[in-house]
Every structure is written in structure tokens, then in C-alpha cells.
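Have a look at this model with me.

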Amino acid sequence: MHIHVCGGGGEAGPASRCPEAPISALVDAGITTLVGVLGTDTVSRSQENLVAKCRALAAEGLTARHWAGGYAYPPPTVTGSAQRDVALLESCVGVGEVAVSDHRGSAPTAVELARLASEVRVGGMLSSKAGLTYCHMGTAASRLDSLRAALAAAPGLPRSAFLPTHVERTPELAADGLCWLREGGCVDLTAGKPARVALAMYYREDPALLERVSVSSDAFGSWPVFDERGSLTSYQVTAPSQLLACLRALVLEDGWPLERALPLFTSHPAARLKLARKGRVAAGCDADLLLLDKDSLELRYVIAGGVVLRTPEWTRGCFYERGERIRPLLPHVDP
């Protein structure tokens, strides 16, 4: 539910903008359904660009939705209203990733967060969508208290209106995520070793808490590291492959049964997003299937909507992708 399909980043200037997501990289990572998102840069990356990219990925064979907005508050939208974007744009599932407890955000107040979440929730009600306010959690000491303050400012607003992500980012934030789960909320973790540590903590506390936990990739987003003065010290781009790598590590290294680990990546995100035809194998669902090697869990085949997009010999590519293993939408003709 968290892929920077237009490319994220930009914190180190225009040259640090991350690349767009080609369909071949997503398919090779076993991703069949995604929600595109903008992050820090909502200046050179527009909502119109995001919607068009999601439409392109849909035409290429994936299921693509998007979050309105980005780090900034008020969130940039297509229609001029987050509520209208959710209600009227088919691909829009909510607003996000609104930056909270992060110096790159707009420091929205509790009242502003509450008003936004209330409006987006109503947009979801009007369109039978999730209507979530998806919140990027930074490393500030306030952690999830900003969301608690927003709930206090809007009596009656359900905790489920907010979905915080990157909750594994620091040990302190992961521990606060446990408190948020105990309070009845849901959390989203970014795939990687810290997510595995947080998941183990949540499971030890109460296995039932995992029902309200999902794991996403943050693919094609930047992963900058800042020092205590706010200066950038390191920078990397997140790979979509880390999602499946996290699943494999949970099973093969941490000893989790596949039936416990798999829902974190499949049925739980689908439930949060109210995508009834996703996340499970059943009659009437979308036939999004991965075939994995039984012992190594290495990816072999990808089927999206009943259509094969990857085999051991080839992978679906977009109009402009070329390569030994790439099978583009249309055959290449030399000019």
C-alpha cells in the first residue's frame, strides 16, 4: 500500500529525485496490487502525474490505486478537496502520506489533522472506500501522540480513520506502535529488519494484535538519514524486492509459519484498504497469484488478474522497457 510510483526523494536537490517505478521491477518483486503515493516532493511530483502513472500501470496489467496528497498539509489534490478526490476519483483510496512528527512535514495541528481525517473518512463513506488518512511517522519524540491529540480534538472520530506507517522506524516508535495497537488502532510497517523486530515484539505481546498490522515496501522512495542538526548524512532508494525479502526472512530466518507471515503482506493490507477482491484466493476474487519455490520461497511465476506477467524466462515490461528478459506490451520496431 506504499509505493512511490512516480519516484520519491528530492531531499538532496533535483539530482536526488528517485526514478519512476517500471512495471518489470514491480512484477519481479511479486507485486500485483499497489497504492501509489507522493512524499516530501509535492512540487515537482504532482497529483496529476501520480494518477496518470497509476492508470499506466493498470493498463500494463496491475491493480493501481493512489493516495491523495503527500507529506504537505494541506494536501495537494486534483479536485481541490481531499474529500472530493476520494469520492470522485476511482483510484483514490484516501489521503497520505501526511508527515507527522517529522521535520519535513508541515507541522499540522491536532485540529487540522482531525478535520482532514474527518473529511477523508466521509469521502470514503460516499464512495464505499477505505477513506483513510495514511500518516508518515517521523523520528520526533512526539511519536504517535499527534494522532492521539487529533482523536481528542474530534470526539467520535474512530481510531481506524488513521493508519500510521513507518512505525518500526525507531525502537521507541515501535514500542509506541504497540500501545497504539493495544488502544485499538492499526499500524503499517516498512519491510526490513526493524519491521521483523517490531513484529516479534507485537506477537510476544499478543498474537491477535497482528490482525491489525500490515507490511509495505516504500519502494522507489528515498531513505535519507539526518543528524541531530537536520543535515543529510546518507541517502538510498528503497527497492520493491525488499517486500518479498522480508516475507522470506520471517519464514526462513525467524522461523515464522508461512500462514502467520503471509497475511501481513496480503489479506491485512487488502482489509485496511477495503479491497474485497484482493488478498485471498477464493471464487470471485481477482486471481492475483504468486508461485514460489516451496523450499526457498524464490519467486517463479506472477499472475495478476488471471494474466501471467512473469515466468522464469520473461517479465512483462512497459512500452519503453527493453532487455533480455523483458516482454513489452508492444513489439519493438527499430526506427
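S16 touches G8, G9, G10, E11 and Y235, leaving out residues up to four places away in sequence; contact here means heavy atoms within 4.5 Å. S16 sits in the segment before α1 (23-28), and a polar atom of the side chain of S16 lies 3.0 Å from the backbone nitrogen of A12. Is S16 buried or exposed? S16 counts as buried, because its relative accessibility is 11% (buried means under 20% relative accessible area, exposed over 50%, partly exposed in between, with a 1.4 Å probe and protein chains only).

A quick note on the ground rules: this is a predicted model, where local features need pLDDT of at least 70, side-chain atom pairs count only at pLDDT 80 or more, and totals for chains, interfaces and linings use all residues. Residues are numbered from 1 along each chain as its sequence is written, and side-chain values use heavy atoms, with hydrogens and water left out.

Now for the rings. Searching the whole structure turns up three aromatic pairs (rings of Phe, Tyr and Trp, the last by its six-membered ring, with centres within 6.5 Å; planes under 30 degrees apart are stacked, over 60 edge-to-face, the rest tilted). Here are two of them:

| Pair | Centre to centre | Between planes | Type |
|---|---|---|---|
| W67 and Y134 | 4.5 Å | 5° | stacked |
| Y203 and W256 | 5.9 Å | 45° | tilted |

W67 belongs to strand β2 (residues 63-68) and Y134 to strand β4 (residues 132-137), so their pair ties together parts 67 residues apart in sequence. Both W67 and Y134 are buried.

Key: Helix = DSSP H or I, 4+ residues; strand = E, 2+ residues; numbered from the N terminus. Polar contact = N/O pair within 3.5 Å; in protein donor to acceptor, adjacent residues only side chain to side chain.
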